[in-house]
Amino acid sequence: MSLDRSLKIAPSILSADFADFGREIEAVEAQGADWIHVDVMDGHFVPNLTFGPPLVAAIRKHIKTVMDVHLMIAPVDPYIDAFAQAGADYLTAHVESGPHIHRTLQAIRAAGCKAGVALNPGTPAEAVAELLDLVDLVCVMTVNPGFGGQSFIDMTGKVRALRSMIGDRPVHIEIDGGVTPATAPLVRAAGADVLVAGSAVFKGGSVADPVPYGANMRAIRTACDTAV
Ligand code: DX5
Ligand code: ZN
């Protein structure tokens with residue numbers, strides 16, 4: 001069966017209310033989110049700290065769609081089993097996180113998760129050329145990782161190159177950082193199918209008033225539909 005390359009929006013809970021993740025996730029899913037993107041940061045690989053496996057396990061039961069865990073940590077390997085047990089569907093490690101990304105991706109699959117590999121803006125598409133049979137997802141960072149709400153860095157050339165390298169392999173292309181109705185059509189047209197968006201989805205809404213979450217996601221979808 002061929003891979004579902006239809007557009008999927010993955011709100012990043014980095015832009016949600018940290019004191020109310022359960023209800024935020026339920027609200028954004030009810031408003032049409034396809035996946036939920038969970039940003040794990042260690043204050044070492046990236047200059048910010050978020051949360052670890054216990055919180056990921058606690059929010060798992062609130063996610064009915066797909067739990068997409070983005071590890072911005074180094075090293076990765078000592079934590080793979082803990083995040084797998086926490087219920088991650090996709091577990092994504094950075095190609096820059098250490099010298100043995102191949103081993104890391106093997107370990108993620110061995111732990112029962114789908115494996116993703118992420119590339120920082122400064123890393124070329126060729127860095128994952130030997131990894132494409134080991135992954136289910138390639139995440140192209142369109143900001144330098146660490147913070148939500150940054151401006152989009154144009155990586156459409158890299159997305160196009162990856163789309164061609166991936167060919168018929170069942171590998172998603174995910175875009176992470178600065179996705180808005182203005183930038184989404186560029187990466188969608190270049191071949192991306194999963195769009196992570198934090199600030200552009202959560203802005204203007206809340207658990208008490210979640211309708212803007214739906215409107216924000218529709219604006220991204222409509223912009224992609226009308227552009228393609
Ligand atoms: C950045 C994170 C992103 C971030 C995206 O390091 O990996 O997932 O939450 O946030 P926005 O959509 O606001 O750029
Ligand atoms: Zn992310």
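Ring pairs join Phe18, Phe21 and Phe51 into a cluster. Rings of Phe, Tyr and Trp (its six-membered ring) pair if their centres lie within 6.5 Å, with planes under 30 degrees apart counted as stacked, over 60 as edge-to-face and the rest as tilted. This is a predicted model, in which local features need pLDDT of at least 70, side-chain atom pairs count only at pLDDT 80 or more, and totals for chains, interfaces and linings use all residues. Side-chain values use heavy atoms, without hydrogens and water, and residues are numbered from 1 along each chain as its sequence is written.

The count comes to five aromatic pairs. One of them, between phenylalanine 18 and phenylalanine 51, is tilted, at 6.0 Å centre to centre and 50° between the planes. Phenylalanine 18 is in the loop between β1 (8–11) and α1 (21–30), and phenylalanine 51, 33 residues apart from it, is in the loop between β2 (36–41) and α2 (53–60). Helices (H or I, at least four residues) and strands (E, at least two) are DSSP runs, numbered from the N terminus. Phenylalanine 51 is buried at 11% relative accessible area; buried means under 20%, exposed over 50% and partly exposed in between (1.4 Å probe, protein chains only). Phenylalanine 18, at 41%, counts as partly exposed.

Tryptophan 35 and tyrosine 90 form a stacked pair, 4.6 Å centre to centre with 25° between the planes. Tryptophan 35 lies in the loop between α1 and β2 and tyrosine 90 in strand β4 (residues 90–94), so the pair ties together parts 55 residues apart in sequence. Both tryptophan 35 and tyrosine 90 are buried.

Key:
Chains lettered and ligands numbered in written order.
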